Amino acid sequence: MAEVSLRQVVKRYGGFQAVHDFDLDIAHEEFVVFVGPSGCGKSTTLRMIAGLEDISGGEIQIGDRVVNDLPPRERNISMVFQNYALYPHMTVRQNQGFGLRMAGRPKDEIEKKVNRASGLLGLKDFLSRRPAALSGGQRQRVAMGRAIVRDPDVFLFDEPLSNLDAKLRGQMRTEIKKLHEKVRTTVIYVTHDQVEAMTLADRIVVMRDGRIEQVGTPDEVFHAPASRFVAGFIGSPPMNLIDARTVASDDGVAVSVPGGPTLPLDQSVFDHVGPDRPVTLGLRPESIAPERMAGPMKTPFSFSADITLVEPLGGEALLFLQMGQAEVTARVFRPSTRLVPEKSVPFLTDLAEMHLFDADTGVRLNAKTAHES
Amino acid sequence: MSVAADTPAATGRSPSRTRRRFAAAEAYAYLAPGIAIVALVMLVPLAVGISFSFQNYVIFRPMSRGWNGVENYLELWTDRTFWLALANTARWTFWSVAFQLGLGLGLALILNRPFPGRAVFQSLVFLPWAVPTFLSGLNWQWLFNPIVSPLPGWLTAVGVLEEPRNILSDPDLALYGPITAMIWWGIPFFAITLLAALRSIPQDLYEAASIDGASPWQSFRHITVPFLMPMITITILLRTVWVANSPDLIFVMTEGGPANSSQTLPNYVFTSAYKSMDFGYASALATVLMAMLVIYSILLLFVRGRLGQ
């Protein structure tokens, strides 16, 4: 059993504060992903949990022990590093068994556990090779094997896939997910890749400038981003964020895009938003489509825009359109006809999937919806 | 496939063979100047030196010069000073290199950790290496002199000596004077090379090891030492040959005395050649020393090869 709790954890380097009052409770066997741009403090937080960095304030608890002052070797954790950190002078077998050997476990136990881990990871044929004779993906597997063999309370992954090429990264991502199904353990996984975060996580922690922006399931952070930053970070292609202004209209308040359409606001969701307020309008590329190929929408709203560029991707296409002064991306699945740049095309967007953020603070303005809890 | 079979080699024509031969010759032509220089400055003097060892060649007696077969080597076999010098060379080299390695490694490990003033300390540590051996020999000679230096008094105070006296004039201890000077002078060389090797060890291996549950000692034993081993063997090899061949500190501090008690082979070679003026005998001594160092080097390189597997 290993829950991990962080209470008011702070990291300072001299005068620079890298992590601010980090609070998080991670459940037993939960897969939590820290995601954010480089320099957001996600790796630092992970390294503090591992004990590779001292904490400047707060408290870290693993299981029922406060581990603030314990060295890494007493925390019963495993870590997979970005560049694998395999011992180059040892074989795959020795690399995996290193931790158990250091703990002075009997030979046959080490043998058994290494064999089991190697079986799980498909490493049986490489056991007597050195890391130098392995490919990047194989090395990453050995690093994971080394982590599994020790039966740790918590697995820590520090950007484990960023040294691999795109295809291999996809494969390994799937393998990590399968592995977590087989070896149920608490996992904390750091990445800057939002796709990894979305596909792997039970819960995502989006970080920025040493602070947590949002904690939630992949569904929550995608459908109800807590801030403009999260909205722009999660999702690919990213959400369209359009500078706009609220205006008074016949039936309440509407959002006016400069030089473009004015979208009515659903008063049940935005009853606290008054007129004449600068806001950021957020529309997912998936919720915009040309009228003639739009799917079913809850609250369709039609407007006209110029298609300036088309990027066909086979099963889908990205359209770049001019919505007033803003350039907006639309993502169309299985376009039924060939799309080309043209003027004044009728478009539909779903007002039920509209996001609104405060222009200054970036805070989400939508009232609580079904996606939020 | 018929196109592939129609190559010159398959049809038995010869131009490719001559061209190959020419290409090989061309490589040797490029190498020739280098080989010529090496031969001129190394191989020829070496051959001349070895040929001296089979001659009766004493500068005072030019008339009696001539080949005398292995006579010099037979003389050497019965020469008590030779055996003493050989034993002293082994002692001198072993203790010097062992302490240089131990202390140099310790120093490198200390300098590898950050601490305030490390840059200054580091340059100070490497200072002895910059001092000419001749000067450091003189300095250490004074340091062992009880009249001008407190060192013999301190050695007495900690119980190493029973009274403050000059160990350089004690036949049983004289060699340890130059050994001390050699250790002091040679530590920086080990420290520099081992520090460079330490810095090349990726830091995340230590992090991985600490997470794997390794204690600091286990990290040192299973990561630092294996990484340093190739550098350690090559440095020991270099330093052994270097120390074994170097007469200067002993010459400055004791001149091999008192009564040959601190005589090593290089010193004995020097004394035979330039004091007794017996070039033949000196060459025989030098040849024996060289042969032993060559065998030692081969053994060490063999061990290193085994370690690398």
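A residue is classed as buried if 20 or more other C-beta atoms lie within 10 Å of its own, as exposed if 12 or fewer do, and as partly exposed in between, with C-beta atoms placed from the backbone. With 20 C-beta neighbours inside 10 Å, A:E159 counts as buried. The model is predicted, so that local features need pLDDT of at least 70 and side-chain atom pairs count only at pLDDT 80 or more, while totals for chains, interfaces and linings use all residues. Residues are numbered from 1 along each chain as its sequence is written, and chains are lettered from A and ligands numbered from 1 in the order in which they are written.

Chain A contains 8 helices and 20 strands, where helices (H or I, at least four residues) and strands (E, at least two) are DSSP runs numbered from the N terminus. The C-alpha trace of chain A spans about 80 × 45 × 35 Å along its principal axes. Chain A has 373 residues, of which 41% count as buried. Contacts are defined between residues whose C-beta atoms, placed from the backbone, lie within 7 Å. Among the contacts in chain A with a separation of 6 or more, 67% are between residues 24 or more positions apart.

The domain assignment of chain A gives domain 1 (4-233) and domain 2 (240-358); such bounds come from an automatic or database domain assignment. The C-alpha centres of domain 1 of chain A and domain 2 of chain A are 39 Å apart. Their contact takes 5 residues from domain 1 of chain A and 5 residues from domain 2 of chain A. On the side of domain 1 of chain A that touches domain 2 of chain A, the residues divide into 2 nonpolar, 2 polar and 1 charged. In this classification Ala, Val, Leu, Ile, Met, Phe, Trp, Tyr, Cys and Pro are nonpolar, Asp, Glu, Lys and Arg are charged, and the others, Gly among them, are polar.

A nonpolar core is a set of buried Ala, Val, Leu, Ile, Met, Phe, Trp, Tyr and Cys residues joined through C-beta atoms within 7 Å. The largest such core has 103 residues, of which A:V33, A:A143, A:L156, A:I188 and A:V206 touch the most other members. Helix α4 (residues 136-149) of chain A gives the most to this core, with 6 residues. Leaving aside residues up to four places away in sequence, the residues touched by A:V206 are A:V35, A:G36, A:E213, A:Q214, A:V221, A:V230, A:F233 and A:I234. A second, separate core of 47 residues includes B:W140, B:W185, B:Y268 and B:A286. In soluble globular proteins, nonpolar side chains tend to be buried together.

Several backbone features of chain A were noted. Most residues other than glycine have a negative phi, and most peptide bonds are trans. The peptide bond that joins A:S236 and A:P237 is cis, with omega about -5 degrees. A:P237 is placed in the loop between α8 (228-233) and β11 (240-249) of chain A. A:E159, a residue other than glycine, has a positive phi near 45 degrees and is found in the loop between β7 (154-158) and α5 (166-182) of chain A. A:D209, also other than glycine, has a positive phi near 50 degrees and lies in the loop between β9 (203-208) and β10 (211-216) of chain A. With 15 C-beta neighbours inside 10 Å, A:D209 counts as partly exposed.

Chain B has 14 helices and 2 strands. Its radius of gyration, taken over C-alpha atoms, is 27 Å, well over the 19 Å that the globule rule gives for 309 residues, so chain B is more spread out than a compact globule. The globule rule is 2.2 Å times the number of residues to the power 0.38. The C-alpha atoms of chain B fill a box of roughly 95 × 75 × 30 Å, taken along the principal axes. Of the 309 residues in chain B, 30% are buried. Chain B is divided into domain 1 (2-44) and domain 2 (71-308), whose C-alpha centres lie 46 Å apart. UniProt lists residues 86-300 of chain B, in an unreviewed entry, as "domain: ABC transmembrane type-1"; UniProt positions are given in the numbering used here, feature names are shortened, and annotations may be inferred rather than shown by experiment. Over residues 86-300, chain B is 73% helix and 0% strand, and the end C-alpha atoms are 20 Å apart.

Between the chains, 17 residues of chain A are in contact with 13 residues of chain B. β6 (77-80) and α2 (92-102) of chain A each supply at least two residues of the side of chain A that touches chain B. By class, this side of chain A has 12 nonpolar, 4 polar and 1 charged residues.

Notes:
Contact = placed C-beta atoms within 7 Å.
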